[in-house]
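Thank you all for coming; I would like to walk through one structure with you this morning, going from single residues to the whole chain. Please have the sequence and the view open as I talk.

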Amino acid sequence: MSTLSIGGQQLDASWFLLLSAILFVLGAVGVLVRRNPLVILISIELMLNAANLALVTFSRQLQNIEGQLFALMSMTVAAAEAVVGLAILVDIFRARDVEDVDDLSELRG
Amino acid sequence: MSTNPTLALLILLFPALGGLVLAGRGWRLPRVFTVIIGPGVVWASFVCVLALFFGGAQGDYTYWTWIKSGSFEVPFNILIDNLSIFMGLVITGVGGLIITYAVGYMEHEDDASYARFFCYMDIFVLSMLLLVLAGNFIFLIVGWALVGLSSYLLIGFWYQRRSAVVAARKAFVMNVIGDVGMILGTFTLFANFHATTFASVFKALPRADNGAVELAAFLLLVGAIAKSAQLPLHTWLPDAMEGPTPVSALIHAATMVTAGVYLVGRMHPIYDVAVYAHGAVAIVGAVTALFAATIAIVQVDIKRVLAYSTMSQIGYMFLAVGIGAYSAGFFHLLSHAFFKALLFMAAGNVIHAMKDEQDMRKFGGLWGQMRPTSITFLIGSLSLVGVFPLVGFFSKEQILGAAFAKPDDAAVQLLWFIGFVTALITGFYTGRMWWLSFWGKPSPQRPVEHPHEAPPVMLVPVAILAMLATLGGFIQTRALGFGPSVVSDFLDKVVTPQRWEESGVAVGLGVLTMLLGAGLFWYARSLRPWSARLPWAQRLLEHKYYFDEIYDAAFVRPLDWLAGFFQRDVEVPVIDGAVVDTGLITQWTSQRGASLQTGYFRNYVLVFVVGAVIIAVVLLARAFS
């Protein structure tokens, strides 16, 4: 197992990956169980950042800069996604007060 | 461009222009424009043909290359020679008279129908001129099909009448059978010679395979038979009498139905090589002549009598061109155009005066009341019978004389005998028609007590044709064995000249035929209720030898049954069913699929996450295995 040097200290890479996995699961569960649309959006951000952490970890571990580049890329996408998602939410809130995403079920088949 | 090619093109352009103007604006213009444009363009064409005739024009004028694709090349060319000028004179001259006559005959139509009629007539004249002026097979087919189309449009002119529509459809189908024959014949020729112009095909003939030429000749004959209403594709012509009478006069007597004769004449280099097909032309002609004449004996509709007599006379022309007496056939074409158009138009005068009644048994006694029409009709009738000195005598006896005198061929003598018997029957049925319609006391069932004579616009063309039918014969008195022969001299430059002379015996027989025919014409007067003596024969003839019934049983009803079968058992269950079932299946699956669409965000996310987990597990499992 390789180790990563953080501030002069050596730390095993799997800790970072573990943190990333925990963050991702937290985000996923948040998306699944929370009802407030705003919180769901934040949970999605959490998942994205968990992925970013994993990318950066692997990048350091494999001595390959592409992972970090990809993390930057996904941050940009996350920003764009947040803009679009928030804009949709604002528009929905303008029409009516939504506390629960289950209220938005007009597209039921 | 020099004068002659321009004139040749103008012949076609005038009627085309007339048709276009009348089709586009005719129904909105005042009637006087229709009256001027309709016949006017035909007369303009006539002037062009006359100019070419007197200018002695000859030539194969190529204007541009129409289609070029590999070795297939179709030039836009018009063939001007004595044969096409001769046909052009008949079409535009007799056609002009008939279309002028129609100005009076169609006067009861409303403005739109009036313009439509002259539009169709101009299109017909254009098509017919294209047919005879064509210098290549493609134009010939185009003209050939277009005359079929205009014939269809004109037979069905009164499209509110069911019988007219049915008759038009029948004529069109029969004509298309002929068109297919023509096209296949052209394919055969192209496959062998790789040429579409007449000139190059005829030049290549001597080194051709005889079997292929025979095949092509027979296929072209199918086209000729269908167009000229010869056996066995004749059944459309009597029904075509549903059209207005000027149409019957122009298309179904004077011009279109003689296109078959023209075709055989134009293709004479082919038929001179293809001896079997050439013989078939003569046999078909002779048999049709006799066959149609016998049916004409029992018809009671005046136009149908004329229709059957047209078939019979065209049979004579086929007989003539079939035995190699081309110019005799074309002389009869000319004389037939005169006297048959005359008969139809005079009959039209009667029908017009009788409020569209066509049953001869309901006429009678018109001699005293419609004297000019009666006289012209008598002239036409006697010309049809072939009485000296009318034009019919010279042309018909020349054909019979040529058939009788043809040396070294006993079979042709048999054809002469058929023609001879036909001539006698012609005398009889024509007599019956004339005496029944014009002589005696007026029938009690007559629709009009005091009929009015036709207006001058209808009488003058009839009178001109009557004069032509009276004096026209003297341009060619070959039937008598001496005197001028203008038509033959003119045409023998183009077609194969007749290689033998009529003998003295043939001339004597011709005069005898005339006397017997005229005698039967007279005899028919005293023989009103004649047919009851042979009831079975009358039934046979009244049913026209059951041809319609046979075709009905052999083709129409099986096809109807087949169409019904496909509609009932293929269209509805299979094709229709497949379409309907596709819809039902889509509906069913979409109803099931729609229930997955709950509208709850968490459901979608759950599916998404589960899917992502499954994919991740699969990928991991593959990575570690």
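Is B:His194 buried, exposed or partly exposed, and how many other C-beta atoms lie within 10 Å? Before I answer, please keep in mind that this is a predicted model. B:His194 is partly exposed, because it has 14 other C-beta atoms within 10 Å, and a residue would need 20 or more to be called buried. I start with B:His194 for its backbone, which has a positive phi of about 55° although the residue is not a glycine. As background, most residues other than glycine have a negative phi, and most peptide bonds are trans. On the chain, B:His194 is found in the loop that lies between helix H6 (162-193) and helix H7 (198-204) of chain B.

A second residue of this kind is B:Ala229, which is not a glycine either and has a positive phi near 55°. The peptide bond that joins B:Leu231 and B:Pro232 is cis, with an omega of about -5°.

Let me turn to the strands. In chain B, strand E1 (residues 59-69) and strand E2 (residues 72-80) run antiparallel and are joined by 9 bridges; for B:Lys68, the bridge partner in E2(B) is B:Glu73. The hairpin that these strands form has 2 residues between them, and there B:Gly70 takes a positive phi near 65°.

Chain B has 625 residues, of which 51% are buried, and its C-alpha atoms fill a box of roughly 115 × 65 × 55 Å along the principal axes. Of the contacts in chain B between residues at least 6 apart in sequence, 80% join residues at least 24 apart.

What lies in the interior? The largest nonpolar core has 203 residues, and the members that touch the most others are B:Leu319, B:Ala341 and B:Leu342. Helix H15 (residues 326-353) of chain B gives the most to this core, namely 18 residues. If we leave aside its neighbours within four places in sequence, B:Leu319 is in contact with several residues, among them B:Ala282, B:Ala286, B:Ile399 and B:Leu415. Helix H11 (residues 259-266) of chain B is also worth a look, since 8 of its 8 residues are buried, including B:Tyr262 and B:Arg266.

For a contrast in setting, consider B:Phe547, found in helix H23 (residues 547-594) of chain B. B:Phe547 is partly exposed, because 15 other C-beta atoms lie within 10 Å. From B:Phe547 to B:Gly599 there are 52 residues in sequence and 74 Å in space, taken C-alpha to C-alpha.

Finally, how many residues of chain A are in contact with chain B? There are 11 of them, in contact with 12 residues of chain B, and on the side of chain A that touches chain B, 6 residues are nonpolar, 2 polar and 3 charged.

Notes: Residues are numbered from 1 along each chain as its sequence is written. Chains are lettered from A and ligands numbered from 1 in the order in which they are written. This is a predicted model: local features need pLDDT of at least 70, side-chain atom pairs count only at pLDDT 80 or more; totals for chains, interfaces and linings use all residues. Two residues are in contact if their C-beta atoms, placed from the backbone, lie within 7 Å. Ala, Val, Leu, Ile, Met, Phe, Trp, Tyr, Cys and Pro count as nonpolar, Asp, Glu, Lys and Arg as charged, and the others, Gly among them, as polar. Two strands pair if DSSP finds at least two bridges between them. Helices (H or I, at least four residues) and strands (E, at least two) are DSSP runs, numbered from the N terminus. A residue is buried if 20 or more other C-beta atoms lie within 10 Å of its own, exposed if 12 or fewer, and partly exposed in between; C-beta atoms are placed from the backbone. A nonpolar core is a set of buried Ala, Val, Leu, Ile, Met, Phe, Trp, Tyr and Cys residues joined through C-beta atoms within 7 Å.
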